[in-house]
Amino acid sequence: MAAQQTSGLQQVKESKDYHFPAEEEEILKFWQDIDAFKEQLRRTEGKPEYSFYDGPPFATGLPHYGHLLAGTLKDIVTRYASGTGHHVTRRFGWDCHGLPVEYEIDKKLNIKSRQEVLAMGIDKYNEECRSIVMRYSKEWEAIVHRLGRWIDFENDYKTLDPTFMESVWWVFKQLFDKGLVYRGFKVMPYSTGCSTALSNFEAGQNYKDVSDPAVIVSFPLDGDEDGAHLVAWTTTPWTLPSNLALCVNAEFDYVKARDPATGRVYVVMESRLGEIPGAIPKAKKGKKGGDEAAPKGFEVIAKFKGAELKGRTYEPLFPYYGHLKEQGAFKVVTDAYVSADSGVGIVHQAPAFGEDDYRVCLANGVIAKGEGIPCPLDDAGCFTDPVTDFKGQYCKDADKEIIKRIKEAGRLVDNGAIMHSYPFCWRSDTPLIYKAVPSWFVRVEEIKPQLLANNEKTYWVPSYVKEKRFHNWLENARDWAISRSRFWGTPIPIWVSEDFEEVVVVGSIAELEEATGAKVTDLHRHFIDHLTIPSRQGKGQLRRIEEVFDCWFESGSMPYAQQHYPFENKEQFEGGFPADFVAEGLDQTRGWFYTLMVLSTALFDKPAFKNLVCNGLVLAADGKKMSKRLKNYPDPLEVVNKYGADALRLYLINSPVVRAETLKFKEEGVFAVVKDVFLPWYNAYRFMAQNAVRWEAETGRPFEPLSVDVGAATNVLDRWICAASRSLTAFVREEMEAYRLYTVVPYLVRFIDSLTNIYVRYNRKRLKGRNGPEDTAMALAALFDVLLTVCKVMAPFTPFFTEQMYQNLRRALPAGAPESVHFCDIPEAEAAQAGDERVQTSVERMQRVIELARTIRERHNVSVKRPVREVVVVHPDQGFLDDLTGELREYVAEEVNVRALTPCADPLKYCSVRAEPEWGVLGKRLGKAMASVAKAVKALPMEDILAYEGGATVTVEGQELGAGDLKILRDFQPPAGTKPEEVDAAGDGEVLVVMDLRPDEELLAAGLAREVVNRVQRLRKKAGLQATDAVSVYIDLKPAAEGSAALDLTAVLTSQEGYVRESLGVPILPASQRPAEEEELAQEDHELGGEDGRAEFTLLLARPAGSGGSSGGAAALAQQLQQQAL
């Protein structure tokens, strides 16, 4: 597409020849030719900066609809910001570190354990990781580019860049210097598949319903006079070899209960006794239907509070850690976290494998802070020494063998199974366990008040995500474990002595070079792990700890690291922080949004962003998660290549997903956008261009829409569409300033529907020149102005189609108009003009009148081509009736196809009035009195109802009822002496339309003439003629078949000659009058009529031989015929 502006609008393709995806490809070439994105940035230089942060995705996988949705949201908002007087830097970013990358290499190289990586060498392993981090970057760029998103890939940021990593070090050192970093043990979600701990928000991303064993195990109390056994229930038998304590609730009641069958005595929470098989047996049905005597249950021999069990010791289940009994293990402890909701009220404690277990055992002296915790699992989740009986077995695989060993020891009380929701690793898809690991933490709990306060300073769409989901997450925030025992990531810059007493944190490359005396060019582990720092305390050489940062720490550092702050771009960063806008999916409330907020609060006591748009999840059509394996969704590029990127963009944006709800993606929904939005919009544009070209041919003047003062328009629909356009720009401005995209798009779609189905449809004849060239110029200029406005307003949403349209509209603009629609300013909101509200209300009501009239026709199967005698419009607003019978009359009469349009301000002339209570409103207020009030309301006399409708209150059964309490209904009463099939009505509660359906000869003739004209117009289209192509129309009537009634079509066309000439520009002549030299263009056989008479005829289109299309002589002939028609 050439960028050069030429004069005069050009004809555009018919909609059947317009292929949206192919046209979009042309636009992409055009943008490339003019370097559109960079040119937009250049043009907005010096304007206020609109700061935008783009969260980094991984390039180790291809983008899915969730990415495309978030990308579209970001593109719309940043395009809008650019069009409203801002400079918007948009840089793409890549998350290059962490588990996703390592997982891919582990699969590729069949690496199963940490030891295999060390044997291979961290340097080789990390370089393997580096080699794939940008694996799909070109595919990402192609898809993002094809979707029309403008973002800078050339100047992208990568979390593996030394500059990025150095800023991450700076962030960490700031936190360390503020005392917000510490080292400790923490029980964390742990992926045995990836051999690393996960953050809590990572652990919550992949829950599955699974069946796990559920066992009750006994623990003999030491020195108990009844030989009682404590019992505990668990769904993780693999943790039992590590048991160190049992926990009860001090406030709850516990019992000793003896099993009469075995004589064994169990200690259990009283309310959970029934969980032990046979403890509380149920009566069985006898053979004859009667209840048999219930077997005897357990005998309760003692009852006491849980507090009485505290400190009692018991016999270990396994011998592996028996030696710890002397140090305080294998005793009963108490804590309020033990509930009566499940299990048996006694919880087994394995402090290495449960967060509560660790906390309770630490508080009760079972373990000591800083000491090693009994943890017999390696990094892959396999048993190690001292659990020799199960050594080498994967923990969850060992469940069966452990249960078997417990049973052999006589300690198994019950063995069952439970279906429950269980967390799985989001990368390896293996079950997570909870495991105590040494970690470095950020003290999030210490800054929780500041986090909550900073959250209040942000604006979210939708707001409930901020106020509920995110607020609750912050309210319950725990210290953040930021270290990972992995290889490919940003190394944590801590150098320590062997005893961890001396700690040095490095905050920059320069600091590291100064401390080590080495030149540093890369900050990955294999480049710096060997570097040592001399101790200042005589402890030899300090060495770097092994851990790397959680990649969420890196993405949370993105605002600073993408600009290499504070080492570079200091002024630029500080001028744009916090960001004006961020957007991602709902899942990021516990991910990126959270880490952004934590780090910005810890560093600057500010939120990282001002405005946030949160989208929901895109699911497959069946409501399930989109899965490549299941192939339950169409490939995004296939959808784009079939329907176009604009259609996909609008489908995604005009859906519940923009309100953070879920969207079930359906390809037919994208097609519906093309059919219901883009094709009508295109046809309105095509109709304007077509008739502007026709107007130029007829007048010999160039079409210059800006020279026409549309503000001086007197035609009601011109005034209406201009008023509606002003309302549109005001609404879009207001809603986009509030980031409510979910209200903007439906409004835009409704506006386009009104533009095509009201303005263009009802003005077709005006736009074609019926009222003369000056009126036509006004109508075309009004339509041009609205199309141009919609182009600019819609440009951020549908960048391709608006660009395609603008490039033609621009030909009618003065020289110097911006080269691209995306260089244009979004129109400013204009103040409503006097009369705007009334004309919009009147046209809206007019449309309802027309739709109600269509309803009546459909009900009686009367074609709209057949005129009806009279339509009466009943409405109490005399102003509306005056508009309807005044300047709106011609549109109603033509659309409804009625001879007489009669206003009626008396609603009682054609209907009776009754009242009904508004149940939803009154029911809550009146309670039991509602029944008597409802009965009285239904019996209200007409004068009371009309008074109420006029604003008065009514009192019934002692209750005063005001506005909103009653619903006024009108029931149609046909005029006396008419039958239901002769006069009918339809209403919507406000407007009533009464239609006289009785036919007469003149009405039938008019209907037939309209039908013939319609056949001619369809034949023109079939012949491929343009609107400017002038042709003659002939009709050849066939003799009526013998015995059948003939329809006198000649008489019909003669009586309706004025209508025919107005509609076609020429009369329909007998075929016998066709000159021999005329060239036949098309002919088609037709028949019309019914039982009362039929006519068979041939329609024929012709023109002088050699006249060609609409140029030359045809143009002159068109002008002549137009004059003739006028």
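**Entry 1: W495 and its sheet**

I looked up W495 first: its bridge partner in β21 is R544. That pair belongs to strands β18 (residues 494-496) and β21 (residues 541-544), which run antiparallel and are joined by 2 bridges. For the record, strands (E, at least two residues) and helices (H or I, at least four) are DSSP runs numbered from the N terminus, and two strands pair if DSSP finds at least two bridges between them.

I'm working on a predicted model, where local features need pLDDT of at least 70 and side-chain atom pairs count only at 80 or more, while totals for chains, interfaces and linings use all residues. Residues are numbered from 1 along each chain as its sequence is written, and side-chain values use heavy atoms, with hydrogens and water left out.

Next I traced the whole sheet: 4 strands, open, antiparallel pairing, in the order β19-β18-β21-β20. β19 (503-505) and β20 (532-534) each have a single partner strand, so one side of each lacks a neighbour in the sheet. Direction ignored, neighbouring strands are turned by 30 degrees against each other on average. Angles here run from 0 to 180 degrees between N-to-C directions, with axes fitted to C-alpha atoms, for helices over the stretch in contact.

**Entry 2: what packs on it**

I found helix α8 (residues 162-177) on this sheet, touching β18 and β19, at about 135 degrees to the direction of β19. Contact means heavy atoms within 4.5 Å. Helix α14 (residues 509-516) packs there as well; it touches β18, β19 and β20, and makes about 60 degrees with β20.

**Entry 3: α8 against α19**

I then followed α8 to helix α19 (residues 592-604): their axes are 9 Å apart and the packing angle is about 60 degrees. The two are therefore oblique to each other, the class left over once under 35 degrees (roughly parallel), over 145 (roughly antiparallel) and 65 to 115 (roughly perpendicular) are taken out. From α8, W170, V171, Q174 and L175 meet L599, A602, L603 and F604 of α19. By class I get 7 nonpolar, 1 polar and no charged residues. Nonpolar covers Ala, Val, Leu, Ile, Met, Phe, Trp, Tyr, Cys and Pro; charged is Asp, Glu, Lys and Arg; polar is the others, Gly among them.

**Entry 4: a parallel sheet**

I also checked an open sheet of 3 strands, order β15-β24-β23, with parallel pairing. Its edge strands, β15 (459-461) and β23 (579-585), each pair on one side only. I counted 3 bridges between β15 and β24 (residues 609-615), and W460 stands opposite L612 in β24.
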